[in-house]
Amino acid sequence: MRTVLITWLAYLSVVSANAQGNPKQLLQAVNRKFAQVSDYSANLNMQFNIPSVALEPVSGKVYYKAPDKFRIKATGILFMPRQNPYYTLQSIRDTNAYTAVFAGQEQVGTVRTTVINVIPYDNAGELILARLWIDPARQLILKSQLTTKTNGTILVEQFYGAMQQKGLPDRIRFSIDVARFKVPKTVAIDLNSKSKNQSLPAKGTGIIELSFSGYTLNQKLSDSVFREEAQGN
Amino acid sequence: MRTLLLTELYKIGTRPRSYIGFVAITAIVLLIELALWLDGEAYIGFILQSLEQSFDVQGRILNGQLVAFVILQTLIVQMPLLVALISGDLISGEAAAGTIRLLMTRPYTRGEVLWAKFTAASIYVFLLILWLGLLALGGGMLFFGGGDLIVLKSDGLIILKEADTLWRFFAAFGISFLSLSVVSTFSLMLSCFTDNSIGPIIASMAVIILFTIIGTLEVPLFERITPFLFTTHMIVWRNLFDFPLDIPLLLRSSAVLVGHILVFLGISFYHFSKKDIQH
Amino acid sequence: MEHIISIEHVTKSYGRFHAVDDLSLHIRPGEIFGFLGPNGAGKSTTLRMLLSLIQPDTGHIRLFGLDQRLHRREILRRIGSIIEKPDFYLYLSGLDNLRIFGALSHTPRLRHRIDEILELTGLKGREGDRVQTYSHGMKQRLGLAQALLHDPELIILDEPTTGLDPQGIIELRNLILYLKQQGKTVLLSSHILSEIELIADSMAIMHRGKAVVQGRVADLLSAQENLLVHLETGQPETARALLRQSPFAHQLQGEKDNLVELRCHREEIPGLIALLSNQHIPLYSVQATRSLEDYFLSITEQARYSSGM
């Protein structure tokens, strides 16, 4: 199945390559842009809209260190996607590890994006398929749809502002399919409960939105910043 | 009146039976805390398993607030019995023992005697709740630390910020006090009608269990009467952990509980003031 | 104050049963009043009504000149009582029980007063023990102690000698007399009629909710009807044979040494003496006496007959 897909996409890529160039070249440009950042820290605000879960916004700090260290420090309970926000970039860093094919162009907001499908060669890896909507002018990933083995499909949208030159977004929005939450009433001890909380839809798409501000770049962050403390931050 | 109230408190305080409630609460709370200490993570894992397929849930989930919440929920059945054990005996127990004669030949009106007993019972309820609060919330925070509270419902979760939980717990204790005061007044009322010590206690529990079952069954006929049952409103303390707060519901239920107290007290005063003390 | 207790046309019914039936009773201050009657006569009900334990259906009760319904607290402050057997908080000591009831009765200098009363009632040394360990007699004493603790003007005692040994009964009798000397009024109900006879100034006999008789004990004992006459004669057999042939035949009682006993009315005594004298039967003494027990039995029997039983 994977072989058929690769073959078909390869054919399409040959057809479209004449008009758009090598997709890996665009991905490399995206990588180069982000490689300007070896580490950063920023203020973080997280908003949640998850079916069956009522959770108020959480504020904290976020830390990143190339190539793959990412940590959020916040008090309280928070729901994070299973992939960190830079999973996409991590996935495309090694251009020899995957095949990339153009999948046309689409409008994302006001931007005409180039759509690229990325298929890793490694069958054992977590990522099955990544579909990327890239702004070719700014070499920025505006949207990515990641299909993974254990975590299903997740849509990541990135919104850029002052830090777009470094490839750092102001906002990242995750959209995740959520299964129906149900616990027996005797476990919940939710007897006689008549008040149905209106803010808890049963199932659907869960949205987590991260807002970044106050970026501080390339401070040579220590690895100790990314170590897990005792539970509870 | 002060002397009367102090003697009632003294009688309650010197009676071994009065400490059953405190011992029971202590045992139950410690048991739950131990169970959560040993197996709390597994419990949380079970609760969150469907969500953890899609998300990485971070933070101190097993904390003092959650422990206190679980304890409060668990004691929902036991507390009314512990209260009825004392209140149901206040008049009928004295009648059965014969001390009601000596008491009612002191220079106090029937109303004053009943008021003193009601107040003493209310103080007992308050102390029970205070003890529960200290053990559940205080003990929970001590052993498990503080954190955000996950409120588990059968169809979802509500996560409340740590700073937003303390006042909710105090309000919940307040409503629990109101709820248990209804039980206390109800069993005191039954106590006025009989000279049998055990009858009011058992009758109180039977009524509470019956009303709770009626409230649980989703039968159209019963759903018409459940708004009038005090047991329906006794668990409204859980709604203090909703987000957002349903304030009209809370106020309505509180008013219903207060109304029940007044009605039960009124019936008690009326009957007791007219009752012939034969024993 | 002419009467410390005034009961006016008081009735208390339970369904069709009249426990107290149009009772009127007056008790003077400073006297010992005996309240007699068979079981179910209405004594306890009456005492409970005096103490506001039971509400009368009709009638008025005044104590210390005050309407009981309007001045309950003030009245109860001045009364000490034992109704039926004294029941206490068994899980507390005698001292704790006295503290509780003494405080509720607003007893001044309570600790000092408790010590006095413990001495008076013979409980000194056992006050620290739980009432559960007391004998019946000790509980009676404790009952008396709580009744006297606040130095009441009126003491109501419902069968206080029940369960007491003879020594205890004597001590109680002496205590009641002592209380009278102190100016107290004691209302005493009892089945032991000889006790009432010995110490009461006035009395009432209840039967089926009614006071069939009430008055001064001395007056009642010397009343006209049905005296027990003891004749001391030198020829008791001859006297009995003669009396058996006379209209006094059915009035003969048992034999007792040389005494001939018979019941008769006071006005019959001269005729009796004349009968024996005319037959030259020597009479050494004629004693017409009335024991309260005889009076009580005859009155209640009479009341039973008059009500058609």
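**Strands, a helix and an interface in a predicted model**

Visitor: In S9(C), which residue is the bridge partner of C:Phe35?
Guide: The bridge partner of C:Phe35 in S9(C) is C:Ala204. Please bear in mind that this is a predicted model.

Visitor: How do the two strands pair, then, parallel or antiparallel?
Guide: Strand S3 (residues 32–36) of chain C and S9(C) pair in the parallel sense, over four bridges.

Visitor: And what joins S9(C) to S10(C)?
Guide: Six bridges join S9(C) to strand S10 (residues 210–216) of chain C, and these two run antiparallel. Within that pairing, C:His207 stands opposite C:Lys210. The hairpin of S9(C) and S10(C) has two residues between the strands, and C:Arg208 takes a positive phi near 50° there.

Visitor: Why is S9(C) described as largely enclosed?
Guide: Six of the six residues of S9(C), residues 202–207, are buried, so the strand is largely enclosed by the rest of the structure. On one side the buried residues are C:Ser202, C:Ala204 and C:Met206, and on the other they are C:Met203, C:Ile205 and C:His207.

Visitor: What about S8(C), how many of its residues are buried?
Guide: Five of the five residues of strand S8 (residues 185–189) of chain C are buried, so S8(C) is largely enclosed by the rest of the structure. One side has C:Thr185, C:Leu187 and C:Ser189, while C:Val186 and C:Leu188 cover the other.

Visitor: Which residue of S8(C) stands opposite C:Gly34?
Guide: C:Gly34 stands opposite C:Leu188. Four bridges join S3(C) to S8(C), and the two strands run parallel.

Visitor: And how many bridges join S7(C) to S8(C)?
Guide: Five bridges join strand S7 (residues 154–158) of chain C to S8(C), again in a parallel arrangement. C:Leu154 has C:Thr185 as its bridge partner in S8(C). The chain crosses from S7(C) to S8(C) through helix H6 (residues 166–181) of chain C, and this β-α-β crossover is right-handed.

Visitor: Over to chain B. Which residues of H9(B) are buried?
Guide: The buried residues of H9(B) are B:Pro200, B:Ile201, B:Ser204, B:Ile208, B:Thr212 and B:Gly215. Seen down the helix axis, they fall within an arc of 105°, so they line one face of H9(B). The face turned away from the buried side carries the exposed residues B:Ala206, B:Leu210 and B:Ile213.

Visitor: What covers those buried residues?
Guide: The cover includes helix H4 (78–87), helix H5 (92–97), helix H8 (166–193) and helix H11 (230–234) of chain B.

Visitor: Last topic: how many residues does the contact take from chain B and chain C?
Guide: The contact takes 21 residues from chain B and 22 residues from chain C. On the side of chain B that touches chain C, helix H1 (2–13) and helix H6 (99–104) each supply at least two residues. H1(B) gives the most, with five residues. By class, that side of chain B has eight nonpolar, seven polar and six charged residues.

Key. Residues are numbered from 1 along each chain as its sequence is written. Chains are lettered from A and ligands numbered from 1 in the order in which they are written. This is a predicted model: local features need pLDDT of at least 70, side-chain atom pairs count only at pLDDT 80 or more; totals for chains, interfaces and linings use all residues. Two residues are in contact if their C-beta atoms, placed from the backbone, lie within 7 Å. Ala, Val, Leu, Ile, Met, Phe, Trp, Tyr, Cys and Pro count as nonpolar, Asp, Glu, Lys and Arg as charged, and the others, Gly among them, as polar. A residue is buried if 20 or more other C-beta atoms lie within 10 Å of its own, exposed if 12 or fewer, and partly exposed in between; C-beta atoms are placed from the backbone. Two strands pair if DSSP finds at least two bridges between them. The arc is that of the directions from the helix axis to the C-beta atoms. A crossover is right-handed if, with the strands pointing away from the viewer, the path from the first strand over the helix to the second runs clockwise.
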